[in-house]
Amino acid sequence: MVEVFKTNVLREIDTNYIIAVIKRQFPGYKVNFDLEDCDKILRVEGADLQCNNIIDYVNCLGYTCIKLEE
């Protein structure tokens, strides 16, 4: 399962930090960002994705994170 989120993350250093936080909580997830996209996409892949938890973690770090509907 893959979920895609819109964020307001602008810097590569911030993406590395967010990815580390998510992977610490969910070690089985594959996580990456696409800062070239206008929506500053966060992609998370894994079994039994907990979208609300991912959104909460990113929001708690001070960033906007909204699940994109496909």
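Visitor: Which strands does helix α2 lie across?
Guide: Helix α2, residues 51–60, lies across β1, β3 and β4. Contact here means heavy atoms within 4.5 Å. Helices (H or I, at least four residues) and strands (E, at least two) are DSSP runs, numbered from the N terminus. This is a predicted model: local features need pLDDT of at least 70, side-chain atom pairs count only at pLDDT 80 or more, and totals for chains, interfaces and linings use all residues. Residues are numbered from 1 along each chain as its sequence is written, and side-chain values use heavy atoms, with hydrogens and water left out.

Visitor: At what angle does α2 run to β4?
Guide: At about 160°. Axes are lines fitted to C-alpha atoms, for helices over the stretch in contact, and angles run from 0 to 180 degrees between N-to-C directions.

Visitor: And what does α1 lie across?
Guide: Helix α1 (12–25) lies across β2 and β3. It runs at about 160° to β2.

Visitor: New topic. What is the strand order in the sheet?
Guide: β2-β3-β1-β4, in an open, antiparallel sheet. Two strands pair if DSSP finds at least two bridges between them. The edge strands are β2 and β4.

Visitor: How many bridges join β1 and β4?
Guide: 3 bridges. K6 has I66 in β4 as its bridge partner.
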